[in-house]
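Please open the model in your viewer and keep the selection panel at hand. The tour below goes from stop to stop, saying at each one what to select and what is to be found there.

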Amino acid sequence: MRMITGLTVVLACSLLVTGGTAYYFLGPATNGRSPLPAPVDNDGALAGWADDSGWTQRGVTDLCNSTNLFALEMFSNLSAGGGNILFSPYSMEAAFGMLYEGARGRTADEIRSVFHFAQNDTARWSSFAALYNRYCYRSQGYTIDTAKAVWVQTGFAVLAQYLDGLAEYYKAKSANLDFRNAAEAARKTINSWVANRTEGKITELFPPDSINSNTLLALTNAIYFKGEWVTKFDSKKTKTAEFYTANGGTVPVRMMSLPDSDVKFDYAGEDGLDILRLPYEGDRLSMLILLPRAADTKDLESRLSPANLSRHDTDRRIASLWPSSRSC
């Protein structure tokens, strides 16, 4: 999976979350090939399984840990500017993973250093494929669709081995467009394809003038997620409460509420921190909320680490993460 180098690439990533806002970290899949039907891809040429034949639990766990390490490093840089933050480490990891497969020399070294990719090709390819096979579905109680594609200038030579590898392991589409003579039409074609893959929610992945006649290759990666919690919040029970801001102040915010004492969630608590998991329908995904009891989030941020995150197995109760776990 190598292509010629010395190429300027336009790369775009986007994340769309509907049906609930989440802050995502990866947990290792406990199996590669899922027992469910093959993931349904609405781009017929790419329907079916990614090739995870070489997957191992160690390889998938290492990929999850490297993604979480990148996530925390990225978060540290983003949080320095203040404000609310929402980003998808997995989306960025997958996009640059596709780019890495075609890079060599210093470029490859720098990408691998930032994203902590495994140097073993089989382990890396199969691990990305295993995660895709386990989580990307449109009919299992939730929807996750990844709009991954490589768009190449018509007549520009890219090794077929590279494009075949992206399709085989990343489930990424490849197509030719005429950027040189019809850059705006090419931009609209890409945006239309992404809009279709994201149910019309992401319509301008490439804004005007982001693609021009000098573009030779455009790489896209957009993630669409739609899911509903197993236990839903009643909109009629939303109420206003004080929300603590990073500077120590408070602002009134409309907050969801579940006063029903019979509702049970996985919960863990330790000094200064509450941890709650809200499962989504389909029994494969969940939202993990880490809430500091104090108004200041700095202590929580300092305690986030890949080691702490990796102690949580997505198919076990939170008891495996914090010994003081209980249901609430």
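A residue is called buried here when its relative accessible area is under 20%, exposed when it is over 50%, and partly exposed in between, with a 1.4 Å probe and protein chains only. This is a predicted model, in which local features need pLDDT of at least 70 and side-chain atom pairs count only at pLDDT 80 or more, while totals for chains, interfaces and linings use all residues. Residues are numbered from 1 along each chain as its sequence is written, and side-chain values use heavy atoms, with hydrogens and water left out.

**The whole chain**

Begin with a cartoon of the protein, whose secondary structure comes to 8 helices and 10 strands; helices (H or I, at least four residues) and strands (E, at least two) are DSSP runs, numbered from the N terminus. Of the 328 residues in the protein, 45% are buried. If you switch to a surface, its accessible area comes to about 16100 Å², with 52% belonging to carbon and sulfur atoms; such areas come from the Shrake-Rupley method with a 1.4 Å probe, and for residues only the protein chains shown count as cover. Among contacts (heavy atoms within 4.5 Å) between residues at least 6 apart in sequence, 69% join residues at least 24 apart.

**Strand β2**

Select residues 142-153, which form strand β2, and pick out Asp-145 within that strand. Asp-145 has a relative accessible area of 6% and is therefore buried. Its side chain is joined to that of Arg-197 by a polar contact of 2.6 Å, a polar contact being a pair of N or O atoms within 3.5 Å; within protein, one atom must be able to donate a hydrogen and the other to accept it, and residues adjacent in sequence count only if both atoms are side-chain atoms.

Next select Ala-147, which is also found in strand β2 and which, at a relative accessible area of 1%, is buried. Leaving aside residues up to four places away in sequence, Ala-147 touches Trp-193, Arg-197, Thr-220, Asn-221 and Ala-222.

**Aromatic pairs**

Now show the aromatic side chains, among which the structure holds 11 pairs; rings of Phe, Tyr and Trp (its six-membered ring) pair if their centres lie within 6.5 Å, and planes under 30 degrees apart count as stacked, over 60 as edge-to-face and the rest as tilted. Which angle do the ring planes of Phe-225 and Tyr-280 make? The planes stand at 90° with the ring centres 5.1 Å apart, so this pair is edge-to-face. The pair links distant parts of the chain, 55 residues apart, with Phe-225 in strand β4 (residues 217-227) and Tyr-280 in the loop between β8 (273-279) and β9 (286-292). Phe-225 counts as buried at 5% relative accessibility, and Tyr-280 counts as buried at 1%. For a further selection, take Phe-70, Phe-96, Tyr-100, Phe-115, Phe-117, Phe-128 and Tyr-170, which ring pairs link into a cluster.

**Salt bridges**

The structure holds 12 salt bridges, each defined as a side-chain nitrogen of Lys or Arg within 4 Å of a carboxyl oxygen of Asp or Glu. Select Arg-187 and Glu-204, whose side chains meet in a salt bridge of 3.0 Å, N to O. At 6% relative accessibility Arg-187 counts as buried, whereas Glu-204, at 45%, counts as partly exposed.

Move on to Lys-232 and Glu-281, which form a salt bridge with their closest N and O atoms 2.7 Å apart. Lys-232 is in the loop between β4 and β5 (239-244) and Glu-281 in the loop between β8 and β9, 49 residues apart. Lys-232 is partly exposed at 42%, and Glu-281 counts as partly exposed at 30%.

Finally, select Asp-266 and Arg-277, whose side chains meet in a salt bridge of 2.5 Å, N to O. Asp-266 lies in strand β7 (residues 266-270) and Arg-277 in strand β8, so the pair ties together parts 11 residues apart in sequence, and both residues are buried. In β7, 4 of the 5 residues are buried, so the strand is largely enclosed by the rest of the structure. The two strands β7 and β8 run antiparallel and are joined by 5 bridges, where pairing requires that DSSP finds at least two bridges between strands. Gly-269 has Asp-274 in β8 as its bridge partner. The hairpin has 2 residues between the strands, and Gly-272 takes a positive phi near 80° there.
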